[in-house]
Number of protein chains: 2
Amino acid sequence: MHLSEVDTPALLIDLDAFERNLARLPTIVAEKAGNRPPPRLRPHAKTHKSPIIAHLQAAHGAIGQCCQKVGEAEVLVAGGIRDVLVTNQVVAPSKIARLAALARFARIGVCVDDLTNVAALDAACARAGTRLDVYVEVAVGLARCGVAPGPDAVPLARAIDASAHLRFMGLQAYHGTAQHLRTPDERRDAIAKAAEGARATRALIEAAGVACATITGGGTGCHDHETVADLWTELQCGSYIFMDGSYGAIRDGVGGAGLPFEHALFVWTQVMSRVAPERAILDAGHKAVAIESGMPTPVDLPGATCLRCADEHGWLALEGESRRLKLGDKLRLIPAHCDPTVNLHDWYVAVRGDLVEAVWPVAARGAVF
Amino acid sequence: MHLSEVDTPALLIDLDAFERNLARLPTIVAEKAGNRPPPRLRPHAKTHKSPIIAHLQAAHGAIGQCCQKVGEAEVLVAGGIRDVLVTNQVVAPSKIARLAALARFARIGVCVDDLTNVAALDAACARAGTRLDVYVEVAVGLARCGVAPGPDAVPLARAIDASAHLRFMGLQAYHGTAQHLRTPDERRDAIAKAAEGARATRALIEAAGVACATITGGGTGCHDHETVADLWTELQCGSYIFMDGSYGAIRDGVGGAGLPFEHALFVWTQVMSRVAPERAILDAGHKAVAIESGMPTPVDLPGATCLRCADEHGWLALEGESRRLKLGDKLRLIPAHCDPTVNLHDWYVAVRGDLVEAVWPVAARGAVF
C-alpha cells in the first residue's frame, strides 16, 4: 500500500529514520563513555507502548524496558519482554497484587518513596511467592515523587534490604525538567547537580552497609551529559526513537544543531476545508495530536503554520507557496510531544519511504491503571 | 461495588447529576421557546462517544445525534441510533464511500463547503444506492470550516438540491467561540449576530427557489440564546450532560451563577506520593485528564489546587486542611474539558452515590477516522 492511500488521521513511523535513531543512541553512549563500560539502556516504553518496538530496542542492546504504569508492564510482559521497571510508585493494593503476580513471568522493578509502601510490597510478594526489584526514588531536580537527596533515602534502602521478598537494587534518579533545557551548558550543569545529589545519597546508603549497585534514570535530552557524569548505570531514554517538536527545539553542543536524532513519528492528515486563501483546515485536531506542549509542525510546507487545534480540526495559516494546498491534500505533522500523541492512536502505520511496511498495535494505549 | 474499591485513574459519571442534566436541557429549551415549538435536540456525541448515552438522550426527546467523524457515526449506528449528522466535511474518497454505505442502515447527514465535494457525495450515493442529507455549513463566527454567510452558500444549496442522490436539508450554523464567552450579554450578542448571518443566508437560498427547512447548530454555552433567537430548528448541545471546568467558569444570566447544569463527569484518582507537606502527587496525568483547556479541579478538598500534569502524574499544591491528604487517598477531579478527557478512557464507571451501578464502554474512543 502506498502512503497516499492511507486514510487520515494516522500515526506514521518513518522506519528509516526510526532505525537510525535506534542505532544512534547506543553508539553515542558508547562513544561518550570512552574507556568505561557505558551505561546499559533501559528505554522508556511510555513513549511507544509497544512490545514490538521494545524487542527492536533489545536487538540494539537494551537490557529491558521502563514504564510508568502496572498496566503497561503487563502488556510488555505479555509481549515477551522479560525485564521491566515501573519507574513510579505503586500504592493501590490491587495494583501491588498485580505487580507481585507479574513477577512470576518476568523480572519486575518498582520505585518507592514511603516506608509503608515497602511493607505493602513485601507482604504482596510473600503472598504471591515472588520477589520484586525495588529502587528508592530520589528527587534530583524534579519536585515530583521521590525523597530529597540525602539521609531520607537511607531508612528506605535499609527497609527494602531487610525485606524477605524484595531486592534493594539502588536509586531511581531522573531529572525530568533538565531534559528540555535549551542549551547544552544548562543541561550539563543541571545533570551535574543531579549526579552530585544521587552520588551523595548512594554514599550514605553504602555507609549504612547496604550495597547500592544501580543508578537508573536519564532521558533523551541529557543522555550525553548523563553518560559523561559517570554515575548512572542505566539510561531510560524514551523519545529518542521518535523525537518530537519539543525535543527538536532544544540545541545540541555541536554547532548548535538539534539533538542527534531524527523526526520519525508523524501524524498523517489531510485538508478538509479550504474556503479562504490564507487558511486550510486539517482533519487532525487534539484528539489526533497532543497539544499540551505546543502546536504540531507541518512538514515540507514552507509558509504553513499550525495556529490552533480543536478536538477534530487543525488550523493551518498559509503564506507563500503553501497557499497551493488543495482540498484533500495530505501532509505530515510533527507532534510537539510524542508520548501523549501515541496514546491517542490504536495503530502505528510504519512506512519505508512511501510504502507501508507494517501496521503495529499501540498495545498499551490507554493503560493508565 | 463501592466507589472506594474502584481502581484509579477511572472516568466516573455521577448518575444522579447526569440524569438531572439530561432532563434539564429539554425543559429549559421548552421554557425559553415560549409559545413557539422549541428547537429539536440533536445532541453532540463527540462529547460522550457512547450509544448508551445517545439512547438516554433519545428518551429525553432527542431526535438523533451529531458527531464529528465517520467512525463515530458508524459506532452510533451499530449501537442502534437511526439518525446521525456528521457536523463536518467528509472529503476522503474512502470515507465518503463509508458514509454512503452507512446510509443503508440509518438516516445520515453531512456538511459541505465545497462544490467538488457535493459531486463526490452524489456519485458515492449513486454507487451505493443510498441518499444522504446534506447541509451547507455557514461560518457564523468561528473561522473554521464553512462558507461566509451570504451569497456563497447559494450555489452549494442549488447543487445539492439538483443532485439526484442528495437531499438539501438546510444550514449547519455553529458559533463555537461564542459558547465560552464569559457573560450572558456577550453570548447573547454573539448569537444574535450569528443568527443574523444564517437568517440572511437562508433568505438568499429560498429566494433562489430552494427550500431551506433546517438550521442546525448551537451548544451548551448558548442554548438559551440560540432558542430565543427563533432561528435554529435543531440544537447540538453536547457538554450539558457532563459539564466541565471550562463551562463551569462561564456565568449564567440569573444572578451571575454558572450554567444550569451540574458537574457529572469526574476523573477518580489517588495520591501516589506524599513526601512534602505542601505537595501531593496524583496518579492521573494528562494521559488520564485532558489539560489543553486548563488544569483539572479537585472536588471537596479546600486548599488544594492542581498546578500541573505530566503524562502520568498530577501535582496538587496543598494549603490548610487539604494537607491532611494521605498516601493512597482517593479523590475526584473535574476535567477542564470533558470531550478529550472521555476520549482518553475505554470505560465509564457510572456511580449512584457511592455505589457502582454500571460500566459503559466509551465505544467510539479513538474514532478519529
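Colleague: Which residues does A:Asn88 touch, not counting residues up to four places away in sequence?

Modeller: Please bear in mind that this is a predicted model. A:Asn88 touches A:Gln68, A:Val110, A:Cys111 and A:Cys145, and also B:Met272 and B:His313. The residue itself belongs to strand β4 of chain A, residues 83–89.

Colleague: Is A:Asn88 buried or exposed?

Modeller: Buried means a relative accessible area under 20%. A:Asn88 has 1% relative accessibility, and therefore counts as buried.

Colleague: How far apart are the C-alpha atoms of A:Asn88 and A:Glu19?

Modeller: They are separated by 29 Å, and the two residues are 69 residues apart along the chain.

Colleague: Let us turn to chain B. Where is B:Gln236 found?

Modeller: B:Gln236 sits in a loop of chain B, between β9 (234–235) and α9 (245–248). Its relative accessibility is 4%, so B:Gln236 counts as buried.

Colleague: Which side chain makes a polar contact with the side chain of B:Gln236?

Modeller: The partner is B:Thr216, and the polar contact between the two side chains is 2.7 Å.

Colleague: What is the setting of B:His44?

Modeller: B:His44 lies in the loop of chain B between β2 (40–41) and α2 (51–59). With 8% relative accessibility, B:His44 is counted as buried. Among the residues it touches are B:Gln65, B:Cys66, B:Cys67, B:Gln68 and B:Thr87, together with B:Gln236, B:Cys237 and B:Gly238.

Colleague: Where does B:Val138 lie, and in which chain?

Modeller: B:Val138 is placed in the loop between β6 (132–137) and α6 of chain B. Its relative accessibility is 0%, and B:Val138 is therefore counted as buried. Its contacts include B:Gly146, B:Val147, B:Ala148 and B:Pro149, as well as B:Leu171, B:Gln172, B:Ala173 and B:Thr201. By way of contrast, the C-alpha atoms of B:Val138 and B:Leu307 are separated by 39 Å, these residues being 169 residues apart along the chain.

Colleague: Next, helix packing. At what angle do α4 and α5 of chain A pack?

Modeller: Helix α4 (residues 93–102) and helix α5 (residues 115–128) of chain A pack at an angle of about 50 degrees, and their axes are 9 Å apart. An angle from 65 to 115 degrees would count as roughly perpendicular, and one under 35 degrees as roughly parallel. The two helices, α4(A) and α5(A), are therefore oblique to each other. Their crossing is right-handed.

Colleague: Which residues make the contact of α4(A) and α5(A)?

Modeller: From α4(A) come A:Ile96, A:Ala100 and A:Ala101, while α5(A) supplies A:Asn117, A:Ala120, A:Leu121, A:Ala124, A:Cys125 and A:Ala128. By class, this contact has eight nonpolar residues, one polar residue and no charged residues.

Colleague: How do α6 and α7 of chain B cross?

Modeller: The axes of helix α6 (residues 153–161) and helix α7 (residues 184–207) of chain B come within 9 Å and cross at roughly 50 degrees. That angle makes α6(B) oblique to α7(B), and the crossing is right-handed. B:Ala153, B:Val154 and B:Ala157 of α6(B) meet B:Thr201, B:Leu204 and B:Ile205 of α7(B). The class count for this contact is five nonpolar, one polar and no charged residues.

Colleague: Which value does phi take in A:Asp230?

Modeller: Phi of A:Asp230 is near 60 degrees, which is positive in a residue other than glycine. A:Asp230 occupies the loop between α8 (223–228) and β9 (234–235) of chain A, and it is partly exposed, with a relative accessible area of 43%. For B:Asp230, phi is near 55 degrees, again a positive value.

Key. Residues numbered from 1 in each chain as written. Chains lettered and ligands numbered in written order. Predicted model: local features only at pLDDT ≥ 70, side-chain atom pairs only at ≥ 80, totals over all residues. Heavy atoms only, no water. Helix = DSSP H or I, 4+ residues; strand = E, 2+ residues; numbered from the N terminus. Buried < 20%, exposed > 50% of the residue type's maximum accessible area, 1.4 Å probe, protein only. Polar contact = N/O pair within 3.5 Å; in protein donor to acceptor, adjacent residues only side chain to side chain. Axes fitted to C-alpha atoms, helices over the stretch in contact; angles between N-to-C directions. Parallel < 35°, antiparallel > 145°, perpendicular 65-115°, else oblique. Left-handed = near helix turned anticlockwise from the far one by under 90°. Contact = heavy atoms within 4.5 Å. Nonpolar A, V, L, I, M, F, W, Y, C, P; charged D, E, K, R; others polar.
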